[in-house]
Amino acid sequence: MQNLTVLGTGVLGSQIIFQAAYSGKNVVAYDLSDEILAKLPDRWEYLKPLYLRDLEDATPEKLDAAVGRIRATSDLADAVSDADIIIEAVPERLDIKQQTWEQVGALAPDRTIFCTNSSTLLPSDIAEFTGRPEKFLALHFANEVWRANTGEVMQHAGTDPEVFEAVAQFAEEIGMVPIRIYKEQPGYVLNSLLVPLLDAAAQLLVRGVASVEDIDKTWRMATGAPNGPFEIFDVVGMMTPYTLNKDSENPESREFAELIKRDYIDKGYLGKGSGRGFYTYE
Ligand code: NAD
């Protein structure tokens, strides 16, 4: 599969486009308007130094060649007309995803394989809208795809096994390490592991059981992991756990949200990106 179309050019869509082009694929970038697409050159200039910093084989020439393999269009029929595979990274709303796939299903060639990058929706919520459920599945990337390069490939009950394998192979061709997920699982593998760990750490803190530093130290020393849960919270940023916990039915989760708002967010300590969260960074 040499020709990829990516629907949605936001945070993740732009990274998937650039990573696939860097890996030698021809990529068509689709978004709602030419004004939105006009921001793409800035995205490439933002990503290039990060590739040079993080990837040993990156050179300015290779990065320029990647940009040369990207074509942008706001015409959906044009965007999908020669796609071997389409990856959808539109906003995380079921109605937008269903509507998008309904349109794409009517326009794309019969051979085209369809993937969603949704973080929280299940492929079976969308499959029927594509008109070709057997060629539809999830290919889920992590933020900073060039570095955090897992590609979680998740099928639904109706996905053709050959399509599942073809997408795992494609993920590898664009520099991802494919993680095969044979049954639908909310949160895929990564968040199924990570969310309970972070919730448990939050509970230990609000119950006053141990300090942030000691909870992290315990996890690092006992498992060999490079980061403890509060270091992970700092990377994710404070706003995400705040939003997820503030309206929880669990009083301890709400207490954790209040704590991060009062002691961190209100003081401008938004996590590693802002220089300070549970820890202070250079
Ligand atoms: P984003 O808001 O940054 O980008 C969404 C893009 O989709 C925007 O460019 C928007 O103009 C465009 N768009 C809106 N409606 C559209 C439509 N009907 N057709 C085509 N494009 C449309 O969002 P994001 O963070 O890149 O997330 C996109 C998807 O990727 C979501 O499903 C999300 O769950 C998933 N995801 C996000 C992350 C992350 O860390 N941000 C990680 C993994 C997966």
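Helices here are DSSP runs (H or I, at least four residues), numbered from the N terminus. This is a predicted model, where local features need pLDDT of at least 70 and side-chain atom pairs count only at pLDDT 80 or more, while totals for chains, interfaces and linings use all residues. Residues are numbered from 1 along each chain, and side-chain values use heavy atoms, leaving out hydrogens and water.

Helix 9 (residues 190-206) packs against helix 13 (residues 251-263) at about 75°, with the axes 9 Å apart. That makes the two roughly perpendicular (angles of 65 to 115 degrees). In this contact (heavy atoms within 4.5 Å), Ala-202, Gln-203, Leu-205 and Val-206 of helix 9 meet Glu-252, Glu-255, Phe-256 and Leu-259 of helix 13.

Helix 9 also meets helix 11 (residues 229-236): their axes come within 9 Å and cross at roughly 110°.

Now to the cores, sets of buried (under 20% relative accessible area, 1.4 Å probe, protein chains only) Ala, Val, Leu, Ile, Met, Phe, Trp, Tyr and Cys residues joined through side-chain atoms within 4.5 Å. The largest has 40 residues, and Tyr-51, Phe-141 and Val-167 have the most contacts inside it. Helix 1 (residues 11-22) gives the most to this core, with seven residues.

A second, separate core of 22 residues includes Leu-194, Leu-198, Met-238 and Ala-257.

Key:
Buried < 20%, exposed > 50% of the residue type's maximum accessible area, 1.4 Å probe, protein only. Axes fitted to C-alpha atoms, helices over the stretch in contact; angles between N-to-C directions. Parallel < 35°, antiparallel > 145°, perpendicular 65-115°, else oblique.
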